[in-house]
Amino acid sequence: MQYTSIYKSLVGNLLLTADDAGLTGLWIENSKYYPLSFNTEYEKIETSIFAETKRWLDIYFSGKEPDFMPNIHMIGTEFQKEVWKILLTIPYGQTTTYGEIANHIAKKRGISRMSAQAVGGAVGHNKLSIIIPCHRVIGTNSSLTGYAGGIYKKITLLKLENAFMNL
């Protein structure tokens, strides 16, 4: 069973989805991959997972770094999950590039190179936006390329974290 809830934030309404294992989705309303329907039955109820996630979001949107992580359940390909786990290591208020993530994966796999575009595809399909901080990934030369929620919202999140000081 899937569960859904809405959180009103500074970047618009956020759709939260969860199953019994954890938070499965967090999308900014009207973002590129915002789900218009679900493949499974869902129920609009407030679960303990949503309460924990909303507490995390309250802290985050107050301009502070949360000191805990809500229970998440990543659903995607193995490559996507590998990229998303790297996103979780990007410190609050800092950024990295698609190329740096690609180089990290290539080194870990013992290969000479990995496509930054493939990394970009996985970053773009992150179903746990903000919690898994895909907004902290930028292009070469600090360009603010791509964000499924929209560049303005990416800028808003980076400003909230004072990440522009590092660009």
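Predicted model: local features only at pLDDT ≥ 70, side-chain atom pairs only at ≥ 80, totals over all residues.
**Entry 1**

Residues are numbered from 1 along each chain as its sequence is written, and side-chain values use heavy atoms, with hydrogens and water left out.

Lys-54 forms a salt bridge with Glu-46, their closest N and O atoms being 2.9 Å apart; a salt bridge is a side-chain nitrogen of Lys or Arg within 4 Å of a carboxyl oxygen of Asp or Glu. Glu-46 is exposed, at a relative accessible area of 53%. My search of the whole structure gave 5 salt bridges.

**Entry 2: helix α2**

I turned to helix α2, residues 78–87, which holds Gln-80; helices (H or I, at least four residues) and strands (E, at least two) are DSSP runs, numbered from the N terminus. Gln-80 is buried, with a relative accessible area of 15%. Apart from neighbours within four places in sequence, I found Gln-80 in contact with Ala-122, His-125 and Lys-127, where contact means heavy atoms within 4.5 Å.

I also recorded a salt bridge between Lys-81 and Glu-78, with the closest N and O atoms 3.5 Å apart. Because these two residues of α2 are 3 residues apart, about one helical turn separates Lys-81 and Glu-78. Glu-78 counts as exposed, at 61% relative accessibility.

**Entry 3: α2 against α3**

I examined how α2 meets helix α3, residues 98–109: the axes come within 11 Å and cross at roughly 115 degrees. Axes are lines fitted to C-alpha atoms, for helices over the stretch in contact, and angles run from 0 to 180 degrees between N-to-C directions. In α2, Phe-79, Glu-82, Val-83, Ile-86 and Leu-87 meet Ile-101, His-104, Ile-105, Lys-108 and Arg-109 of α3.

Glu-82 forms a salt bridge with Lys-108, the closest N and O atoms being 3.9 Å apart. Glu-82 lies in α2 and Lys-108 in α3, so the pair ties together parts that are 26 residues apart in sequence. I noted that Glu-82 counts as buried at 14% relative accessibility, whereas Lys-108 counts as exposed at 62%. Glu-82, Lys-108 and Arg-109 are linked in a network of salt bridges.

How values were computed. Buried < 20%, exposed > 50% of the residue type's maximum accessible area, 1.4 Å probe, protein only.
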